Amino acid sequence: MRIMAIDYGDARTGVALSDPTGFLAGQTFLIKSRKEDVVLEELAALAQKQGAEELVMGYPRNMDGTLGPRAEKYAAFAERLKGALPRAKRCSIVLCVPYVDIPAAVKLLKDSRVAVGAQNLHWESSGPFTGEISAGMLADLDVKYVIIGHSERRALFGETDHIINQKVHAALSAGLRPILCVGEDQDQRELGVTMEFISYQLKAALAGVTPEDMRRVVIAYEPIWAIGTGMVATPQSAQDAANAIRNDLKTTFGTKVSDSVRILYGGSVTSKNAAELISQPDVDGFLIGGAALDVEELAKIARLALKSTKSRN
């Protein structure tokens, strides 16, 4: 069993990663907390107890404070992290941090098995794009992952499906692993066009991607209406959306590739609904927001996810 997770952004967003090569069996779930040291130790212990091969936890950092205090927190976190890694057989961590923090994060974590990810990138490799960061620049900084298509980027910064497709290709060409976010809003849900809308998002974002490269992409299904609202999809509706995503991938990339891609559900996940959601055959894991700010609640969800992944294997 391989359990991986990546975290980024604010208190209500996050994504998870599975084996990017697509060759390892296992499921995926997201973990997220601002009490990173406590959560890391608890999850590492849980992973070891459940016999997990790998546990990857992300450390949330967004527009939060000035560089000095953040650097101090990274340093403290890195030391705690290095001490906690041996608790699991192979415990790897991915941090998706703001661009200005990437060099410091890479330096602090260079002696560990921790990878650093980015929260955004530009689709061109070079040119007159003041303030933008290219995939190549991220790769040169030893970044491994990059988030693409998050609902906030789409809504607040006007990122179109064409732009997102360009970003996916830019990331893959530079050797980065894209984390592609899709999901419908409340209006689309009420109109009953969820499946059609998600299908369009997938087709547009993944146009031109090869089956080999698709193995390196994770799909994060985040119904926008459920993020931080307390509303949650029923287990069946989450399964329906995840199954529709997998079927679309199967049509485009084939069964082996579609089966290797991890599909995550996000939106008001708690320990009260996690067991039913993760029991769905096409729901491979979670994007957890507010519930992960409570260490005990997060631990409950982690236990439920670990129990489910163990039973699937």
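This is a predicted model: local features need pLDDT of at least 70, side-chain atom pairs count only at pLDDT 80 or more; totals for chains, interfaces and linings use all residues.
Colleague: How many helices and strands does the protein have?
Modeller: Of the 313 residues of the protein, 56% count as buried. Among contacts between residues at least 6 apart in sequence, 71% join residues at least 24 apart. The secondary structure of the protein comes to 13 helices and 10 strands.

Colleague: Is Asn165 buried or exposed?
Modeller: Asn165 sits in helix α6, which covers residues 161–173. Setting aside residues up to four places away in sequence, Asn165 touches Ala204, Ala205, Leu206 and Ala207. The relative accessible area of Asn165 is 12%, and the cut-off for buried is under 20%. Asn165 is therefore buried.

Colleague: What span does α6 reach from its first C-alpha to its last?
Modeller: Helix α6 has 13 residues. At 1.5 Å a residue, 18 Å is expected, and the model comes close to that. After the helix comes Gly175, with a positive phi near 85°. From first C-alpha to last, α6 reaches 18 Å.

Colleague: Which elements cover the buried residues of α6?
Modeller: The buried residues of α6 are Asp161, Ile163, Ile164, Asn165, Lys167, Val168, Ala170, Ala171 and Leu172. Their cover includes the strands β6 (143–148) and β7 (177–182). It also includes the helices α4 (135–140), α5 (151–157), α8 (194–206) and α9 (211–214).

Colleague: What is the relative accessible area of Val168?
Modeller: Val168 lies in helix α6. Leaving out neighbours within four places in sequence, Val168 is in contact with Ile148, Pro178, Ala205 and Val209. Val217 is 49 residues from Val168 along the chain, and their C-alpha atoms are separated by 8.9 Å. Val168 is buried, with a relative accessible area of 1%.

Colleague: Which residues touch the most other members of the largest nonpolar core?
Modeller: In soluble globular proteins, nonpolar side chains tend to be buried together. The largest nonpolar core here has 51 residues, and the members touching the most others are Leu206, Met214 and Ile219.

Colleague: Which helix gives the most to this core?
Modeller: Helix α10 takes in residues 235–253. Its buried residues include Ala238, Ala241, Ile245, Leu249 and Phe253. With 6 residues, the helix that gives the most to the core is α10.

Colleague: What does Met214 contact, leaving aside its neighbours within four places in sequence?
Modeller: Met214 is one of the residues touching the most other members of the largest core. The contacts of Met214 include Leu249 and Phe253, which are buried residues of α10.

Colleague: How far apart are the end C-alpha atoms of α10?
Modeller: Helix α10 has 19 residues, so at 1.5 Å a residue it should span 27 Å. Just after the helix, Gly254 takes a positive phi of about 100°.

Colleague: What is the C-alpha distance between Ala274 and Leu304?
Modeller: Ala274 belongs to helix α12, residues 274–278, and is buried, with a relative accessible area of 0%. Not counting residues up to four places away in sequence, Ala274 touches Val269, Phe286, Ile301 and Leu304. Ala274 and Leu304 are 30 residues apart in sequence, and their C-alpha distance is 7.0 Å.

Colleague: Is Asp142 buried or partly exposed?
Modeller: Asp142 lies in the loop between α4 and β6. Its phi is positive, about 70°, although Asp142 is not a glycine. The relative accessibility of Asp142 is 40%, so the residue counts as partly exposed.

Notes:
Residues are numbered from 1 along each chain as its sequence is written. Side-chain values use heavy atoms; hydrogens and water are left out. Helices (H or I, at least four residues) and strands (E, at least two) are DSSP runs, numbered from the N terminus. Buried means under 20% relative accessible area, exposed over 50%, partly exposed in between (1.4 Å probe, protein chains only). Contact means heavy atoms within 4.5 Å. A nonpolar core is a set of buried Ala, Val, Leu, Ile, Met, Phe, Trp, Tyr and Cys residues joined through side-chain atoms within 4.5 Å. The expected span of a helix is 1.5 Å times one less than its number of residues.
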